[in-house]
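Here's a quick briefing to read alongside the model. Keep the 3D view open as you go.

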Amino acid sequence: MTMTQMIMYSAFFLGCAAFLAAAFACIRLLRGPMQADRIVALDIFLAAAITLCLATGLMSGRVLFLDVAIALAIANFVATLGWARLIELSWVKNTGEEKS
């Protein structure tokens with residue numbers, strides 16, 4: 001097995017894993033009883049997008065896709081922090097108790 005074949009197989013595996021994760025996240029997004037479940041599903045969608053960028057970068061051999069994946073990862077991190085803060089504030093507002 002050559003190096004090119006190994007790269008193609010790994011990119012195919014990454015793509016399949018990303019689509020499978022996105023399918024499970026779609027189920028969680030539609031069913032998840034709480035807001036936190038839906039936010040985790042959106043987080044998984046962005047992680048799948050990052051994985052697809054990495055797989056595309058592997059298959060095409062272009063470094064540009066790695067830059068896009070890094071930018072998506074940073075945006076994902078900031079968005080997750082923002083949503084977590086919003087859920088925490090709504091929890092305090094609805095229950096009146098502070099979390100430590």
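What follows covers confidence, the helices, a few residues and the surface.

This is a predicted model, where local features need pLDDT of at least 70, side-chain atom pairs count only at pLDDT 80 or more, and totals for chains, interfaces and linings use all residues. Residues are numbered from 1 along each chain as its sequence is written, and side-chain values use heavy atoms, with hydrogens and water left out.

**Confidence**

- The protein chain averages a pLDDT of 88, and 96% of the residues score at least 70; pLDDT is the predictor's confidence in each residue, from 0 to 100.
- Confidence is highest in helix H1 (residues 3-31), at a mean of 91, and lowest in H3, at 88.
- Helices here are DSSP runs (H or I, at least four residues), numbered from the N terminus.

- H2 (residues 35-60) has 26 residues and reaches 38 Å from its first C-alpha to its last, close to the 38 Å expected at 1.5 Å a residue. The expected span is 1.5 Å times one less than the number of residues in the helix.
- H3 (residues 64-95) has 32 residues and spans 47 Å from first C-alpha to last, close to the expected 46 Å.
- Which residues of H2 are buried? They are Ile39, Ala41, Ala48, Ile50, Cys53, Ala55 and Gly57. Buried means under 20% relative accessible area, exposed means over 50%, and partly exposed is in between (1.4 Å probe, protein chains only).
- The buried residues of H2 pack against H1 and H3.

- Ala25 sits in helix H1 and is buried, with a relative accessible area of 1%.
- Leaving aside neighbours within four places in sequence, Ala25 is in contact with Ala41, Ile44 and Phe45; contact means heavy atoms within 4.5 Å.
- Ala25 and Asp43 are 18 residues apart in sequence, with 8.7 Å between their C-alpha atoms.
- Leu29 is also in helix H1, but counts as partly exposed, at 27% relative accessibility.
- Beyond its neighbours within four places in sequence, Leu29 is in contact with Arg38, Ala41, Leu42 and Phe45. From Leu29 to Phe45 the C-alpha distance is 9.9 Å, across 16 residues of sequence.

- Gln35, in helix H2, is exposed, with a relative accessible area of 52%.
- Setting aside neighbours within four places in sequence, Gln35 is in contact with Ile87 and Ser90. Gln35 and Ala84 are 49 residues apart in sequence and 9.8 Å apart in space, C-alpha to C-alpha.
- Buried or exposed: what is Asn76? At 10% relative accessibility, Asn76 counts as buried, and its place is in helix H3.
- Once neighbours within four places in sequence are left out, Asn76 is in contact with Asp43, Leu46, Ala47 and Ile50.
- Phe77 is found in helix H3 too, but counts as exposed, at 53% relative accessibility.
- The C-alpha atoms of Phe77 and Leu46 are separated by 9.8 Å, with the two residues 31 apart along the chain.

**Surface and charge**

- Ile70, Ile74, Phe77, Val78 and Leu81 make a nonpolar surface patch of about 520 Å². Patches are made of residues with over 30% relative accessible area and no salt bridge: like charges are joined within 9 Å, nonpolar side chains (Val, Leu, Ile, Met, Phe, Trp, Tyr) within 5 Å. Accessible areas come from the Shrake-Rupley method with a 1.4 Å probe, and for residues only the protein chains shown count as cover.
- How many salt bridges does the structure hold? There is one; a salt bridge is a side-chain nitrogen of Lys or Arg within 4 Å of a carboxyl oxygen of Asp or Glu.
- The side chains of Glu88 and Arg85 meet in a salt bridge, at 3.2 Å from N to O.
- Glu88 and Arg85 are three residues apart in helix H3, so about one helical turn separates them.
- Glu88 is partly exposed, at 32% relative accessibility, and Arg85 is partly exposed as well, with a relative accessible area of 47%.

Key: Helices (H or I, at least four residues) and strands (E, at least two) are DSSP runs, numbered from the N terminus.
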